[in-house]
Amino acid sequence: VLFIHGEEDAFVPTWMGRALYEACAAPKQLWLVPGARHAMSYAVAHKEYVRRLCAFFGRAALARRAGI
């Protein structure tokens with residue numbers, strides 16, 4: 001599970017994103033995006049967003065092929 005949360009999100013505070021992350025029992029990653037408000041992580045950090053998303057899906061595809 002990949003959690004992406006804007007550090008400046010006032011609609012869903014960062015502590016809520018961290019709580020969801022901590023409650024998740026599956027393999028997980030948390031990326032808190034500096035300067036991003038609610039639903040603005042892609043706009044604020046486009047290149048890093050795409051890089052992290054591609055890396056995440058790449059790892060998931062490799063794990064699936066390996067039967068993990």
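User: Before we start, what do the values rest on?
Analyst: This is a predicted model, so local features need pLDDT of at least 70 and side-chain atom pairs count only at pLDDT 80 or more, while totals for chains, interfaces and linings use all residues. Residues are numbered from 1 along each chain as its sequence is written, and side-chain values use heavy atoms, with hydrogens and water left out.

User: What makes β1 and β2 a strand pair?
Analyst: Two strands pair if DSSP finds at least two bridges between them. Strand β1 (residues 2–6) and strand β2 (residues 29–33) have 5 bridges, in the parallel sense. Gly 6 stands opposite Val 33 in β2. Strands here are DSSP runs of E with at least two residues, helices are runs of H or I with at least four, and both are numbered from the N terminus.

User: What handedness does the crossover between β1 and β2 have?
Analyst: The chain goes from β1 through helix α1 (residues 14–23) to β2, and this β-α-β crossover is right-handed. That word applies if, with the strands pointing away from the viewer, the path from the first strand over the helix to the second runs clockwise.

User: Why is Thr 14 called buried?
Analyst: Buried means under 20% relative accessible area, exposed means over 50%, and partly exposed is in between (1.4 Å probe, protein chains only). Thr 14 has 15% relative accessibility, so Thr 14 counts as buried. Leaving aside neighbours within four places in sequence, Thr 14 is in contact (heavy atoms within 4.5 Å) with His 5, Gly 6, Glu 7, Asp 9 and Leu 32.

User: How do you know that the length of helix α3 agrees with expectation?
Analyst: The expected span is 1.5 Å times one less than the number of residues. For the 21 residues of α3 (residues 46–66) that should be 30 Å, and the end C-alpha atoms are 30 Å apart, which agrees. Gly 67 follows α3, with a positive phi near 80°.

User: What makes Glu 48 and Arg 51 a salt bridge?
Analyst: The term needs a side-chain nitrogen of Lys or Arg within 4 Å of a carboxyl oxygen of Asp or Glu. For Glu 48 and Arg 51 the closest N and O atoms are 2.7 Å apart. Glu 48 also forms a salt bridge with Arg 52, again with the closest N and O atoms 2.7 Å apart. Shared partners join Glu 48, Arg 51 and Arg 52 into one network.

User: Where do Glu 48 and Arg 52 sit relative to one another?
Analyst: They are 4 residues apart in helix α3, which means a separation of about one helical turn.

User: How many aromatic pairs are there, and why is Phe 3 with Tyr 21 called edge-to-face?
Analyst: The count comes to 4. Rings of Phe, Tyr and Trp (its six-membered ring) pair if their centres lie within 6.5 Å; planes under 30 degrees apart are stacked, over 60 edge-to-face, and the rest tilted. Phe 3 and Tyr 21 have ring centres 5.8 Å apart and planes at 85°, so the pair is edge-to-face. Phe 3 is in strand β1 and Tyr 21 in helix α1, 18 residues apart.

User: Why is the pair of Trp 31 and Tyr 49 called tilted instead?
Analyst: Their ring centres are 6.3 Å apart and the planes meet at 55°, so this pair is tilted. Trp 31, Tyr 42 and Tyr 49 form one aromatic cluster.
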